[in-house]
Amino acid sequence: MSSTGDDAAVGGQCAVHMPRTARTVTDLPRVGRFPAVQPGQPAIERLAPTSELLGFRGPTACAAAGITYRQLDYWARTGLLEPSVRTAYPSTSQRLYSFRDILLLKIVKRLLDAGVSLQNIRVAVAHLQAADQADLAGMTLMCDGATVYECTTPQQVVDLLKGGQGVFGIAVGAVWRELELTLGRLHAERTDTGETLVGHDPGDELAQRRNRAV
């Protein structure tokens, strides 16, 4: 059974430190091709997964972040990480997550796997949500299993390693690029029109070509 993160909340070792130099951290929808062409834009310009005009439903967010729907639902209901595009209220609506939301879901999953307490993860999530999106790509999160640190320079990483503690790092930029590739193959929804956009998986297209050639 997958953990929702409750177990990690028990016996958290310490609060997250945030020093200046190393801060802690009603029509049926149409179906289009993803990435879709923006209205009024040349056909060569397409929506990237990071676009604010795109949202991703719960099952897609789970697949991209590597978590279960039980975890996704629990984290949303307890306020750890709610979808910023659309919540599940009223009950007839489906949650819709932004690219940034799913990026944080992936980071939360990795921090939980490293044994970070849920209390510290909540502080880190709040800090990451407040950060400028442009700053996220250059950010590295360092964790010793109890504390999460945000490092923005190589020297800050070196300073943490000099402490002699076992630490692991999360290069947010690398997670970002990985997520862009993943979401480009999955379905999305336009936030302005409600249009369902079908992901483009080169592997599926290659398989279709092979089947036609047989």
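Reader: Leaving aside its neighbours within four places in sequence, which residues is Leu111 in contact with?

Author: Contact means heavy atoms within 4.5 Å, and by that rule Leu111 is in contact with Val116, Ile121, Cys143, Val148, Phe168 and Ile170, once its neighbours within four places in sequence are set aside. Please keep in mind that this is a predicted model, in which local features need pLDDT of at least 70 and side-chain atom pairs count only at pLDDT 80 or more, while totals for chains, interfaces and linings use all residues. Residues are numbered from 1 along each chain as its sequence is written, and side-chain values use heavy atoms, with hydrogens and water left out.

Reader: Where is Leu111 found, and does it count as buried or exposed?

Author: Helices (H or I, at least four residues) and strands (E, at least two) are DSSP runs, numbered from the N terminus, and Leu111 is found in helix α4. A residue is buried under 20% relative accessible area, exposed over 50% and partly exposed in between, with a 1.4 Å probe and protein chains only; Leu111 has 2% relative accessibility, and therefore counts as buried.

Reader: Which residues does Ile121 touch, not counting residues up to four places away in sequence?

Author: Ile121, which is found in helix α5 (residues 118-130), touches Leu80, Val108, Leu111, Leu112 and Val116 when residues up to four places away are not counted. Ile121 counts as buried because its relative accessibility is 0%. In the chain as a whole, buried residues make up 41% of the 214 residues.

Reader: How many helices and strands does the chain have, and in what order do 3 strands form an open sheet?

Author: The chain has 9 helices and 8 strands. Two strands pair if DSSP finds at least two bridges between them, and here 3 strands form an open sheet in the order β5-β4-β6, with antiparallel pairing. The edge strands are β5 and β6 (168-171), each of which pairs on one side only. In the hairpin of β4 and β5, which has 4 residues between the strands, Gly145 takes a positive phi near 95 degrees.

Reader: Which way do the residues of strand β5 point?

Author: In a regular strand the side chains alternate between the two faces of the sheet. In β5 (residues 148-151), Val148 and Glu150 point one way, whereas Tyr149 and Cys151 point the other way, and all of these are buried.

Reader: At what angle do helices α4 and α8 pack?

Author: Axes are lines fitted to C-alpha atoms, for helices over the stretch in contact, and angles run from 0 to 180 degrees between N-to-C directions. Helix α4 (residues 99-113) and helix α8 (residues 172-183) pack at an angle of about 120 degrees, and their axes are 10 Å apart. Angles under 35 degrees count as roughly parallel, over 145 as roughly antiparallel, 65 to 115 as roughly perpendicular and the rest as oblique, and α4 and α8 are therefore oblique to each other. Among the residues that make the contact are Phe99, Ile102 and Leu103 of α4, together with Val172, Val175 and Trp176 of α8.

Reader: Where does α8 lie, and at what angle does it run to β6?

Author: Helix α8 lies across β4 and β6, and it runs at about 50 degrees to β6.
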